[in-house]
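Here is a friendly walk through one model, question by question. Have a look at the sequence and the fold first.

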Amino acid sequence: MSAALGWLGQETLGAVRGVGALALVLARTVLGLARMERRELLRSLEEFGWGSLPLALATGALTGATVVVQTSLYVQRFGARGVLGWAAGYAVLWEFGPLLLGLVMAARLGARNAAELATMQVGGQLEGLRGIGLDPFAVLVAPRVVAMGASMTGLSALTFLVAVLFESIAAFFTLGLPVRAFFDSFEHMLHVTDLLGGIVKASAFGLAIALVSTAVGLRARGGARAVGQAAAGAVVLGCAAIFLLDFVLTTTLAKWLT
């Protein structure tokens with residue numbers, strides 16, 4: 001019993017420390033926005049945004065086609081061809097699109113950001129910046145956080161567009177549903193707030209990935225092993241944060257946007 005209570009206490013203390021680290025990273029990032037390094041921001045936008053575009057579009061295409069293939073089983077059973085556009089579009093815009101994009105980007109962006117920051121932390125480069133009077137949060141962290149948040153917002157819009165397009169193509173080939181009929185259902189039964197909810201979710205996921213990966217990377221201590229542990233930890237904790245945010249935002253946005 002005492003061992004179980006001790007383990008529970010350690011896990012609780014670790015969770016509190018983790019939340020404190022995230023709050024500290026967020027606060028110092030906000031303070032560093034005014035002195036943010038513009039060249040690092042542009043480099044991060046190219047690296048995190050443009051570099052992730054092919055993966056994001058592929059995720060959207062596969063997600064859209066898979067949702068329609070799965071939905072078609074019930075559409076054929078209940079004869080609900082007229083609402084396929086709404087059902088598939090709603091699923092992608094509101095839930096599957098943001099969630100799967102967030103998980104994929106947690107693996108790509110989160111691991112990369114954590115590994116790079118951990119490498120600089122272990123190698124003493126961050127301490128070197130402080131030694132010459134530069135704030136690492138203004139020079140490195142703030143541009144990366146802003147770039148990841150902005151990249152996820154832009155990538156989500158393009159991903160949703162591609163997902164819906166591939167949904168209409170999949171519906172045509174699997175059910176013989178005309179593309180126009182698909183988009184008629186999509187247009188008449190969905191609202192702008194549905195798209196807005198998905199973009200808000202994706203943006204929040206991007207911010208969570210940035211903060212979690214930054215906090216994990218800056219806490220790295222040791223050698224090359226610490227860099228690997230930081231990358232793996234950023235992915236695991238980033239995915240956990242996305243699932244938690246998805247639950248909170250789904251319940252909250254459903255009340256505000258409906």
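Q: In what order do the elements of the protein run from the N terminus on?

A: This is a predicted model, in which local features need pLDDT of at least 70, side-chain atom pairs count only at pLDDT 80 or more, and totals for chains, interfaces and linings use all residues. Residues are numbered from 1 along each chain as its sequence is written, and side-chain values use heavy atoms, with hydrogens and water left out. Helices (H or I, at least four residues) and strands (E, at least two) are DSSP runs, numbered from the N terminus. The protein has nine helices and zero strands, and the order is α-α-α-α-α-α-α-α-α.

Q: What percentage of the residues of the protein count as buried?

A: The C-alpha trace spans about 65 × 55 × 35 Å along its principal axes. Buried means under 20% relative accessible area, exposed over 50%, and partly exposed in between, using a 1.4 Å probe and protein chains only. Of the 258 residues, the buried share is 45%.

Q: How far apart are the end C-alpha atoms of helix α6?

A: The expected span of a helix is 1.5 Å times one less than its number of residues. Helix α6 covers residues 136-175, so its 40 residues should span 58 Å. The distance between its end C-alpha atoms agrees with that, at 55 Å.

Q: At which residue does α6 bend?

A: A bend is the angle between axes fitted to the seven residues ending at a residue and the seven starting there. In α6 this angle is about 30°, and a proline, Pro143, follows within four residues of the bend, which is at Ala142.

Q: Is Phe182 buried or exposed?

A: Rings of Phe, Tyr and Trp (its six-membered ring) pair if their centres lie within 6.5 Å; planes under 30 degrees apart count as stacked, over 60 as edge-to-face and the rest as tilted. The structure holds four aromatic pairs, and Phe182 and Phe183 form an edge-to-face one, with 5.5 Å centre to centre and 85° between the planes. Phe183 is partly exposed at a relative accessible area of 29%. Phe182 has a relative accessible area of 1%, so Phe182 is buried.

Q: Which helix gives the most to the lining of the second largest pocket?

A: On a 1 Å grid over the protein atoms alone, a cavity is a set of points where a 1.4 Å probe fits but cannot get out, and a pocket is an open set with protein on both sides within 12 Å along at least five of seven lines; lining residues have an atom within 4 Å of a point. The second largest pocket has a volume of about 210 Å³, and its lining includes Arg28, Phe137 and Leu218. Both α1 (2-32) and α8 (192-218) supply at least two lining residues. The top contributor, with four residues, is α1.

Q: Where is Leu218 placed?

A: Leu218 counts as buried because its relative accessibility is 16%. Leu218 lies 9.7 Å from Glu116, C-alpha to C-alpha, although the two are 102 residues apart in sequence. The place of Leu218 is in helix α8.

Q: Which helix has the largest share of the lining of the largest cavity?

A: The largest cavity has a volume of about 30 Å³, and Thr59, Phe96 and Thr159 are among its lining residues. At least two lining residues come from each of α3 (53-78), α4 (84-122) and α6. The largest share, five residues, belongs to α4.

How values were computed. Grid points are joined across faces, edges and corners, and a volume is the space filled by probe spheres set on the points.
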